[in-house]
Amino acid sequence: MKLNFIKEILKYNELKIFLKNARNYYRRMGHRTLFQAKSAMEERSAKINSAKGLIAAPFTPFRSDGNVNLELIPHYVEFLTKNNVRGVFVNGTTGEGVSLTVSERKQIAEKWVAVGKDVFDVIIIQIGTSNIRDSQELARHAEKIGATAIASLPPLYYKPQTEDELIQYLKEIASSAPLLPFLYYHIPSFNGVEVSISKLLHDGKQQIPTFCGAKYTSGDCKELMKTLQLGKFKILSGFDDILLTGLPMGVTAAVGATYNFMPLPSNRILESFAAGDETIAWEEQMYVRQVLDIISKYGSMMAALKTVMNLFGPFNVGEPRLPLLSLTTQQINKLKAELEQVGVERWYK
């Protein structure tokens with residue numbers, strides 16, 4: 001009897017400590033009550049679930065000395081919003097996120113949120129790294145600065161072999177930011193992690209309460225269909241050249257690199273499909289594909305995309321960071337000539 005009484009006291013004390021820590025945590029996040037924290041989470045989830053249109057994956061602008069050029073980001077935000085880009089996916093593949101330091105990634109995330117929070121529908125911060133502690137730190141930081149959501153790549157060296165292994169890893173990252181919707185960043189062509197997204201989301205939701213969807217950068221339309229049929233997850237299309245294929249299945253938003261310098265053709269895809277004009281939609285999609293086929297012939301795809309932004313975009317975002325190699329002068333001249341032949345004047349306002 002006495003032993004049970006002591007156990008009950010210990011449980012009560014543990015509960016008090018938990019509630020005290022939770023209360024202190026939410027206050028640090030700017031929420032006076034658990035109700036306010038819950039409301040903030042629901043608001044962010046609603047923004048992700050209702051996201052529509054183009055979400056740019058911005059380039060990280062570098063100065064000539066290789067340091068991050070944060071001063072360019074306000075101009076970047078102004079340009080994207082002028083061209084009906086509805087959000088940004090920061091520090092992803094196009095942004096060379098895995099080539100940045102944790103400090104740089106924080107600075108970039110802070111600037112995009114500070115400048116874009118009142119003009120974009122969503123600001124998603126990619127927090128995947130090569131080690132879980134850095135990812136957890138970046139997740140906490142994204143929550144603190146007021147991002148809409150976080151997304152994470154899988155481990156980049158010790159790769160999970162099953163969906164269950166990956167869920168355990170993602171669970172530890174997502175739990176570091178319990179007030180932020182969490183998306184998985186699926187891009188197997190880059191990182192070699194092949195999993196069933198439908199199974200990952202279905203099983204993962206049972207262990208990760210904030211799990212809300214995925215950035216789906218894959219050409220596997222069968223798996224995309226299975227995932228969308230789950231009905232309760234937000235799937236962001238990740239391949240610009242096949243955007244149209246996902247629209248009849250229910251895709252409503254897309255993340256892409258070409259939306260940085262060529263948003264109008266992809267916006268016309270969305271508008272034409274919505275209006276029932278599939279002929280125009282397919283013409284625009286084939287044009288985007290033609291442009292990407294040209295760009296892909298010149299060195300690393302990410303380096304070439306950044307070069308195109310510098311050639312035809314409204315400002316210069318600098319050279320890529322090693323291990324990506326800048327294009328040679330000869331490559332740049334040939335790329336410029338080829339793209340001019342297909343018409344660059346219709347890319348943006």
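The questions and answers below go through strands, ring pairs, a cavity and some backbone details.

Analyst: This is a predicted model, in which local features need pLDDT of at least 70 and side-chain atom pairs count only at pLDDT 80 or more, while totals for chains, interfaces and linings use all residues. Residues are numbered from 1 along each chain as its sequence is written, and side-chain values use heavy atoms, with hydrogens and water left out.

User: Are the residues of strand S3 buried or exposed?

Analyst: Helices (H or I, at least four residues) and strands (E, at least two) are DSSP runs, numbered from the N terminus, and a residue is called buried under 20% relative accessible area, exposed over 50% and partly exposed in between, using a 1.4 Å probe and protein chains only. In a regular strand the side chains alternate between the two faces of the sheet. In S3, Val122, Ile124 and Gln126 lie on one side and Ile123 and Ile125 on the other. Of the five residues in S3 (residues 122–126), five are buried.

User: Which residue of S3 is the bridge partner of valine 88?

Analyst: Two strands pair if DSSP finds at least two bridges between them, and strand S2 (residues 85–90) is joined to S3 by four bridges, the two running parallel. In S3, the partner of valine 88 is isoleucine 123.

User: Through which helix does the chain cross from S2 to S3?

Analyst: A β-α-β crossover is right-handed if, with the strands pointing away from the viewer, the path from the first strand over the helix to the second runs clockwise. The crossover from S2 to S3 is right-handed, and the helix it passes through is H4 (residues 102–116).

User: Which residue of S4 is the bridge partner of glutamine 126?

Analyst: S3 and S4 run parallel and are joined by three bridges. Within S4, glutamine 126 has as its bridge partner alanine 151.

User: Which residue in S6 stands opposite tyrosine 185?

Analyst: In strand S5 (residues 182–186), five of the five residues are buried, with Leu183 and Tyr185 pointing one way and Phe182, Tyr184 and His186 the other. S5 pairs in the parallel sense with strand S6 (residues 211–216) over five bridges. The residue in S6 opposite tyrosine 185 is lysine 215.

User: Why is the pair of phenylalanine 79 and phenylalanine 315 given the class it has, and which class is that?

Analyst: Rings of Phe, Tyr and Trp (its six-membered ring) pair if their centres lie within 6.5 Å, and planes under 30 degrees apart count as stacked, over 60 as edge-to-face and the rest as tilted; by this rule there are nine aromatic pairs. For phenylalanine 79 and phenylalanine 315 the centres are 6.1 Å apart and the planes stand at 80°, so the pair is edge-to-face.

User: How many residues apart in sequence are the parts that this pair ties together?

Analyst: Phenylalanine 79 belongs to helix H3 (residues 73–82), whereas phenylalanine 315 is in the loop between helix H13 (301–312) and helix H14 (329–342), so the parts tied together are separated in sequence by 236 residues. Both phenylalanine 79 and phenylalanine 315 are buried, and ring pairs link these two with three further residues into a cluster, namely Tyr76, Trp112 and Tyr348.

User: About how much space lies in the largest cavity?

Analyst: On a 1 Å grid over the protein atoms alone, a cavity is a set of points where a 1.4 Å probe fits but cannot get out, and lining residues have an atom within 4 Å of a point. The lining of the largest cavity has 13 residues, with Tyr216, Ser218, Leu224, Ser237 and Ile242 nearest its centre. A volume is the space filled by probe spheres set on the points, which are joined across faces, edges and corners, and for the largest cavity that space is about 90 Å³.

User: What is the relative accessibility of asparagine 91?

Analyst: Most residues other than glycine have a negative phi, and most peptide bonds are trans. Asparagine 91, in the loop between S2 and H4, has a positive phi of about 65° although it is not a glycine. Asparagine 91 counts as buried, because its relative accessibility is 2%.

User: Which residue does a cis peptide bond join to leucine 322?

Analyst: The bond in question has an omega of about 15°, and the second residue lies in the loop between H13 and H14. The residue joined to leucine 322 is proline 323.

How values were computed:
1 Å grid on protein atoms, 1.4 Å probe; cavity = no way out; pocket = protein on both sides within 12 Å on 5 of 7 lines; lining within 4 Å.
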